[in-house]
Amino acid sequence: FFARPWVFIRGVPSMKFLPPEGPPEVAFAGRSNVGKSSLINGIVSQKGLARTSNTPGRTQELNYFVPDGFTGEGDDLPPIALVDMPGYGYAKAPKEQVDAWTKLVFDYLRGRATLKRVFVLIDARHGIKSNDQDVMALLDKAAVSYQIVLTKADKISALALPKLEAATRELIRKRPAAFPEIIATSSEKGEGLDRVQAVIADFARE
Ligand code: GTP
Ligand code: MG
């Protein structure tokens, strides 16, 4: 299904607009501007599918993307849905707005039965920050499986990358819901995207 065109099906501004639970969902979480939307575009090979921007705070709703060609009615459900999320942390938006996005992200992450895995994206230049720790603590508590994806690997040196991977592995070692494999990616260069695809494919329905 990565070879199919993908489509945007719904933007969810608050929990009451969530679609009924259907296909398995894989979500992309991370600080503002870490590269969530770019990673989704990279793995489906569609540059303009999820909107990206230089300015933190681009994605403002939970955005659902699915492979095209499924009505969503009855048994005709897509095999998987990808959920792009607003970033947490810094954003060029009023505080109430940022707080509302953060609440939406946290509420969704802790309360969605069909959520199979959360990719927690970490900027390779910055490493894990305290609000990333908050999200991981919430996922641990809710027993939602998550996996670290390092982004913008093209922005750091080939020597720094393995060091960052080792330091990150050490930080998540004792976290119960953390999946041990860390994936380093560059959406810019197309690196590591096949590994993200493989994880997603594992959760898709037959
Ligand atoms: P919000 O929706 O605002 O939370 O941001 P986001 O996490 O969705 O980030 P987005 O994908 O919009 O990317 C933010 C910026 O980082 C854009 O200018 C992208 O072009 C850039 N970017 C994303 N991925 C990469 C990457 O792998 N390498 C480089 N060099 N830049 C990247
Ligand atoms: Mg975005």
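Modeller: Axes are lines fitted to C-alpha atoms, for helices over the stretch in contact, and angles run from 0 to 180 degrees between N-to-C directions. Helices (H or I, at least four residues) and strands (E, at least two) are DSSP runs, numbered from the N terminus. This is a predicted model, in which local features need pLDDT of at least 70, side-chain atom pairs count only at pLDDT 80 or more, and totals for chains, interfaces and linings use all residues. Residues are numbered from 1 along each chain as its sequence is written, while chains are lettered from A and ligands numbered from 1 in the order in which they are written.

Biologist: How are α1 and α5 oriented to each other?

Modeller: The axes of α1 (residues 36-44) and α5 (residues 193-203) come within 9 Å and cross at roughly 80°. Angles of 65 to 115 degrees count as roughly perpendicular. The two helices, α1 and α5, are therefore roughly perpendicular to each other.

Biologist: Which residues of α1 are buried?

Modeller: A residue is buried if 20 or more other C-beta atoms, placed from the backbone, lie within 10 Å of its own. Helix α1 is mostly covered, with 9 of its 9 residues buried. They are Lys36, Ser37, Ser38, Leu39, Ile40, Asn41, Gly42, Ile43 and Val44.

Biologist: Which element gives the most to the shell around ligand 1?

Modeller: Of the 24 residues around ligand 1 (C-beta atom, placed from the backbone, within 6 Å), those that come nearest include Gly35 and Ser38. With 3 residues, the element that gives the most to this shell is α1.

Definitions and conventions:
Parallel < 35°, antiparallel > 145°, perpendicular 65-115°, else oblique. Buried ≥ 20, exposed ≤ 12 C-beta atoms within 10 Å, placed from the backbone.
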